[in-house]
Amino acid sequence: MGNLITRRIFRMKTGVEVSDTQTGLRAFSTRLLDFMLDIEGERYEYEMNVLVTCAKANIPIIEVPIETIYHDKGNSCSHFRKVRDSVRIYRQLLKFSFVSFSSFLLDYVMLAGLILVLNNILLQIFLAVYIPLYPAKILTECTLFLISWLIQKKLIFSVRKSVGIKYPVLIKKSGERI
């Protein structure tokens, strides 16, 4: 149940579909070693940090089906501590969400403030050159729309280059039904 919830939250936050967020069985290209060594965390939180970091860096994650074998029916040899490890895992997802939401708010407030200031400056300039109020306001809004469109086209929605890592991360795709 925990894996089901975690993978859905992970997909919601990153847009990346992974069937098992806590597999512990991953394969990486040797070219990713330095990248992986820079990722913080221990135990199960490291698993989540790897997935979040790879998702943010646009590193492809490829799942390969393997057979899941447990020592016994209750999986008594597992080292997973339900409460403590779950808190550590979800803390990483919540941190990722908090940073994303904070960035959104900061961007929105700064953008709204900048547009308000520019709107006032442009309107004052148009009025200073004796353009009547209503045409000046329309001209101001059209100018700001054009500037906004150009900034979004060139900076925000331009095609971004990846971090240069082209080797996928392979993880186990559990054959279990959840």
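1. The mean pLDDT of the protein is 80, with 78% of its residues at 70 or more, where pLDDT is the predictor's confidence in each residue on a scale from 0 to 100. This is a predicted model, in which local features need pLDDT of at least 70 and side-chain atom pairs count only at pLDDT 80 or more, while totals for chains, interfaces and linings use all residues. Residues are numbered from 1 along each chain as its sequence is written, and side-chain values use heavy atoms, with hydrogens and water left out.

2. Where pLDDT is low, the predicted coordinates should not be read in detail.

3. The largest nonpolar core has 15 residues, and F10, M36 and C54 have the most contacts inside it. Helix α3 (residues 43-56) gives the largest share of this core, six residues. A second, separate core of five residues includes L122, F126, A136 and L144. Such a core is a set of buried Ala, Val, Leu, Ile, Met, Phe, Trp, Tyr and Cys residues joined through side-chain atoms within 4.5 Å, and buried means under 20% relative accessible area, exposed over 50% and partly exposed in between (1.4 Å probe, protein chains only).

4. The second largest pocket has a volume of about 410 Å³ and is lined by 15 residues, of which L111, I115, S148, Q152 and I156 lie nearest its centre. The elements that give two or more residues to this lining are α4 (82-128) and α5 (133-156), and the largest share, eight residues, comes from α5. On a 1 Å grid over the protein atoms alone, a pocket is an open set of points where a 1.4 Å probe fits, with protein on both sides within 12 Å along at least five of seven lines, and lining residues have an atom within 4 Å of a point; grid points are joined across faces, edges and corners, and the volume is the space filled by probe spheres set on them.

5. There are two aromatic pairs, counted when ring centres of Phe, Tyr and Trp (its six-membered ring) lie within 6.5 Å, with planes under 30 degrees apart stacked, over 60 edge-to-face and the rest tilted. F101 and F104 form a tilted pair, 6.0 Å centre to centre and 40° between the planes. These two residues are separated by about one helical turn because they are three residues apart in helix α4. F101 is partly exposed, at 49% relative accessible area, and F104 is partly exposed at 46%. Ring pairs link F101, F104 and Y108 into a cluster.

Technical notes: Helices (H or I, at least four residues) and strands (E, at least two) are DSSP runs, numbered from the N terminus.
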